[in-house]
Amino acid sequence: MSHYIAAIDQGTTSSRFMVFNTSGALIAADQREHQQIYPHAGWVEHDPAQIWQRVQEVIVGALANSGLAPSDLAAVGVTNQRETTVVWNRVTGEPLCNAIVWQDTRTADLCQQLRGQGHEALFRAKTGLPVATYFSGPKLKWILDQVPGAAARARNGELLFGTIDSWMIWNLTGGVQGGVHITDASNASRTLLMNLETLDWDDDLLKMLDIPRQMLPMIRSSSDVYAAARGVLDGVPVASALGDQQAALFGQTCFAPGEAKNTYGTGCFMLMNTGQRMVPSVAGLLTTVAYQLGRARPVYALEGAIAVAGALIQWVRDNLGLIAQAADIEALARTVEDNGGVFFVPAFSGLFAPYWKSDARGVIVGLTGYANKGHIARAALEATAFQTREVLEAMNADAGMPLTALKVDGGMVRNELLMQFQADMLGVPVIRPTLTETTALGAAYAAGLAVGFWSGLDELRANWGQDKVWTPTMLASVREKYYHDWKRAVTRTFGWVE
């Protein structure tokens, strides 16, 4: 019997391979970064071939470090950066061009055109999403329109489209030699092309964007055996696919309606399980598929997406040189008692939830001669907490069930200063689990359920453990003054791109 479950976690900045036991404990891991490509202002790209190479390297690395073999794995699951768009040649396996990353804003004019033609309501009704540069459909149309010959080749069946999960699974299961071309409902729900009710590609939307259906992957359940892997994981069942934020929700065992988590990564993403009920948002959130297990009905979620969270700390490190490594931000921020009146709104790629303003750009406001690098560091950390409160307020308004506590995960939750400020800004406890790598764990859980490694959701709930809780300590009057000033700062970003 195979005693472990593995997960490939392909993120915005790096790829990881992680192996878990039946208790959900981490047994082995490896991680490698890939290149961030910025051809023009607002453009963000990745090399799909490099990503696939890094994925193979971390699989080999984690197995070698732990002394495990593919035969020790009962299944492997896949979780991925969402919305990032790949088009490749069906016959050669070569990418047509670099992947267009979820943060990329090159489709702003196309999205504005669709909104100007009055199509926003149709997209919202069918997909649960606003028309925005964030999503895959406009990125795919850009590739078909701008890469010479791409549209004709797509119509002829030469080209395949996928988000990163599809690209990895196709390669993992054989690539040009019989690789399966699939995605799952959670990833497909991020394309602006899938109908939330039917869980199928919507012909009206495909026609509007002039996207050939034959280049799209088959939409499958999030927890199902798709095929056996070949190559570095030869023979291991590939048994789950989940967008990274939905995977984190699943890994946090938020299986009941009203349960929510917030992941602090490159961006920041809060999801609330709404059960089998699709909740249309009137407060600027996204209605999305959380997961689908086997042939069961899908579970839906409300999501608030923040474009820049951990990426801001990397920017402070790489572009300003204020810190040597990301972890140093907390010590620098602690050199001052508060933000000194400085607020940092990181609208580098516009503003996501709840504003959806692609013409916004980042600002630092409140600077005086008193402000120093400690204040800027603190303002950079606090930006994530302020943005999370904006999303939480929208979520409470949409769902009609105020959150009483927030489960958190992701790399930034090791920052104790941020977590305390987050609790203070929300006015509710913030809870960090024993294992914070919940994205990979969620993909592993879904794969394990598909092959019977775990018996059901109750067994997964029993694995969840609490590491630390932060409770609010800030006076309500101080909290509201902070938040009032933050909202003033946000308005300064509006309409910068003319």
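Guide: A polar contact here is a pair of N or O atoms within 3.5 Å, where, within protein, one atom must be able to donate a hydrogen and the other to accept it. Please keep in mind that this is a predicted model. With that cut-off, the backbone nitrogen of alanine 283 lies 3.2 Å from a polar atom of the serine 281 side chain.

Visitor: Where is serine 281, and is it buried or exposed?

Guide: Serine 281 is found in the loop between strand S16 (268-275) and strand S17 (286-291), and it counts as buried because its relative accessibility is 13%, where the limit is under 20%. Leaving aside residues up to four places away in sequence, serine 281 touches Arg124, Thr287, Leu302 and Asp398.

Visitor: Switching to salt bridges, how many are there?

Guide: A search of the whole structure finds 30. One of them pairs arginine 82 with aspartate 244, the closest N and O atoms being 3.4 Å apart, and this pair links distant parts of the chain, with arginine 82 in the loop between strand S5 (73-80) and strand S6 (85-89) and aspartate 244 in helix H9 (residues 244-251), 162 residues apart.

Visitor: Are arginine 82 and aspartate 244 buried or exposed?

Guide: Arginine 82 is buried, with a relative accessible area of 2%, and aspartate 244 counts as buried at 13% relative accessibility.

Visitor: Which residues are linked in a network of salt bridges?

Guide: The network links Arg82, Glu83, Arg190, Asp244 and Glu303. Within it, glutamate 83 forms a salt bridge with arginine 190, with the closest N and O atoms 2.8 Å apart. Glutamate 83 lies in the loop between S5 and S6, whereas arginine 190 lies in the loop between helix H7 (185-188) and strand S10 (194-195), so this pair ties together parts that are 107 residues apart in sequence. Both glutamate 83 and arginine 190 are buried.

Visitor: And the nonpolar side, how many residues does the largest core have?

Guide: The largest nonpolar core has 137 residues, and those with the most contacts inside it are Tyr134, Ile211, Met215, Phe250 and Tyr264. H12 supplies the largest share of this core, 12 residues. There is also a second, separate core of 33 residues, which includes Ala6, Leu160, Ile164 and Val236.

Definitions and conventions:
Residues are numbered from 1 along each chain as its sequence is written. This is a predicted model: local features need pLDDT of at least 70, side-chain atom pairs count only at pLDDT 80 or more; totals for chains, interfaces and linings use all residues. Side-chain values use heavy atoms; hydrogens and water are left out. Helices (H or I, at least four residues) and strands (E, at least two) are DSSP runs, numbered from the N terminus. Buried means under 20% relative accessible area, exposed over 50%, partly exposed in between (1.4 Å probe, protein chains only). Contact means heavy atoms within 4.5 Å. A nonpolar core is a set of buried Ala, Val, Leu, Ile, Met, Phe, Trp, Tyr and Cys residues joined through side-chain atoms within 4.5 Å. A salt bridge is a side-chain nitrogen of Lys or Arg within 4 Å of a carboxyl oxygen of Asp or Glu.
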